[in-house]
Every structure is written in C-alpha cells, then in structure tokens.
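Keep the viewer open and follow along.

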Amino acid sequence: MSLSHKHQCREIITKAICGKGRKFSTVTHTVTPPHNPTSILGAWIINHEYESVPAGDGIEVIGTYDINIWYSYDQNSQTDVAKKTVSYVENIPLSYLDPKHRASTVEVSADATQEPSCVEATVASGGGSVVIRVEREFAAEMVAETKVRVVVCKNNCNEEADKDYDFGSLDGDFDELDPDLLDDEI
C-alpha cells in the first residue's frame, strides 16, 4: 500500500535543536604578584560568568573569571594573595548543524560542562610571576525553526490499517541524521 492512496505528508514548522557542539580547551595565564613569589600555596578560579552568542556556523562563549593565587615570598616567611580578572572568547564549532534551519530564528545556549579550574600553577623561571594552566569545557546548542515531515491520514484511519505503510518512497530523507545525537532515553 502506498502512502499516496490513503495518506499524505505535511511539513510542520517547529522549533528544534538544529546544532550541537562541544569544546574542551586548556589555556595559560600569567599573573604578576606585587612580591616575587617563593612558592605557590594555592590557586583557584572564582566568579565565572559567561554568555553565548551565534557566530557564523558556530557559537561564541564570551566570559570572565577571577584567578586567585595564594603564594609565599621573602624566603617563605610571608604570604599574600594575588588576583587577576581574565576575559576570554571561546569559539565552539558545531559538530551537527541542520542546514535547513531558519537563520533569522536562531537562539543559542552554552553550558560549562567543566567550569574553569586551575590544573597547574608554577613560579615562572624569572621568579617575578606565576604561570597558571586552566582547563574548561563547554557544550553548546543552537535552537531554531525548521521543517519536520509527518504522515497524515486523510479519512478515519484505524490503527490496524495504519500498520501497512510502504515507506519505500521516502528513501534518502534521513541520510543527514547523526545517530550520535539521538537520545537513548526514549
């Protein structure tokens, strides 16, 4: 039984996730305290704030965070905390992008799957500054209007008759689907 005899396809315009991306990055920052550090006693990152904006075929995350370094100086006889505010722009490419989305309806969001964290802090070879290595990761989504095709019964279809579909005429419509993006919870 062909779909054309009893059923027809319709296109529905709906909001859907039309793009996804993820990016892990490691960056290095240099902080120069007021005193020459002897050793690093602790380093942490606080006050992380960010927002996401569309950027071509990707998503940009624009943000700031504060680096705090607790260090000793004067041959380990004194301690102090050095602070520095860092600004960044992270471009997240989309590993999946629906090419048929309506660009004028795009909304983007990003989540920090790994908040910026200090993984290493060392006194620089010259002794006047501290080198910090920071890791961070973001997952981003783009939501936009797109078209979805559905099969519609013309007349009172009963459930038993609806099981006889011949979907052979729809070959190729699903070639662009990425199976890695399908939810396993369904």
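A salt bridge here is a side-chain nitrogen of Lys or Arg within 4 Å of a carboxyl oxygen of Asp or Glu. Before using that, some housekeeping: this is a predicted model, where local features need pLDDT of at least 70 and side-chain atom pairs count only at pLDDT 80 or more, while totals for chains, interfaces and linings use all residues. Residues are numbered from 1 along each chain as its sequence is written, and side-chain values use heavy atoms, with hydrogens and water left out.

**Salt bridges**

By the rule above, the count comes to 9 salt bridges. One of them pairs Lys15 with Glu107, with the closest N and O atoms 2.5 Å apart. Lys15 sits in strand S1 and Glu107 in strand S6, so this pair ties together parts that are 92 residues apart in sequence. (Helices, H or I with at least four residues, and strands, E with at least two, are DSSP runs numbered from the N terminus.)

Another salt bridge joins the side chains of Glu137 and Arg22, at 3.8 Å from N to O. Glu137 belongs to strand S7 and Arg22 to strand S1, so the pair ties together parts 115 residues apart in sequence. Then there's Arg133 with Glu120, a salt bridge at 3.3 Å, N to O.

| Residue | Relative accessible area | Class |
|---|---|---|
| Lys15 | 47% | partly exposed |
| Glu107 | 42% | partly exposed |
| Glu137 | 18% | buried |
| Arg22 | 53% | exposed |
| Arg133 | 30% | partly exposed |
| Glu120 | 37% | partly exposed |

**The overall picture**

Zooming out, the protein chain has 1 helix and 7 strands, in the order α-β-β-β-β-β-β-β along the sequence. Of its 186 residues, 31% count as buried. Taking contact to mean heavy atoms within 4.5 Å, 77% of the contacts between residues at least 6 apart in sequence join residues at least 24 apart.

**Inside**

A nonpolar core is a set of buried Ala, Val, Leu, Ile, Met, Phe, Trp, Tyr and Cys residues joined through side-chain atoms within 4.5 Å. The largest one has 25 residues, and Tyr65, Ile67, Ile69 and Ile132 have the most contacts inside it. Strands S1 (7–31), S3 (58–73), S4, S6 (107–123) and S7 (130–153) each supply at least two residues of this core. Pick Ile67 and, leaving aside neighbours within four places in sequence, you'll find contacts including His29, Trp44, Val86 and Ile132.

Asn68, in strand S3, is buried at 5% relative accessibility. Beyond its neighbours within four places, Asn68 is in contact with Gly42, Ala43, Trp44, Ile46, Val81, Ala82 and Lys83.

Which side chains make polar contacts with Glu90? Glu90 lies in strand S4 (residues 78–93) and is buried, at 6% relative accessibility. With a polar contact being a pair of N or O atoms within 3.5 Å (within protein, one must be able to donate a hydrogen and the other to accept it, and residues adjacent in sequence count only if both atoms are side-chain atoms), the Glu90 side chain has one of 3.1 Å to that of Lys23 and one of 2.9 Å to that of Arg136.

**Outside**

Leu41, Trp44, Ile46, Trp70 and Val81 make a nonpolar surface patch of about 420 Å². Strand S2 (residues 37–55) gives the largest share of this patch, 3 residues. Ile46 is in strand S2 and is partly exposed, with a relative accessible area of 34%.

Asp74, in the loop between S3 and S4, has a positive phi of about 55° although it is not a glycine. Asn76 is found in the loop between S3 and S4, and its phi is near 65°, again positive. Asp74 is partly exposed at 48%, and Asn76 is partly exposed at 48% relative accessibility.

Patches are made of residues with over 30% relative accessible area and no salt bridge, with like charges joined within 9 Å and nonpolar side chains (Val, Leu, Ile, Met, Phe, Trp, Tyr) within 5 Å. Accessible areas come from the Shrake-Rupley method with a 1.4 Å probe, and for residues only the protein chains shown count as cover.

Key. Buried means under 20% relative accessible area, exposed over 50%, partly exposed in between (1.4 Å probe, protein chains only).
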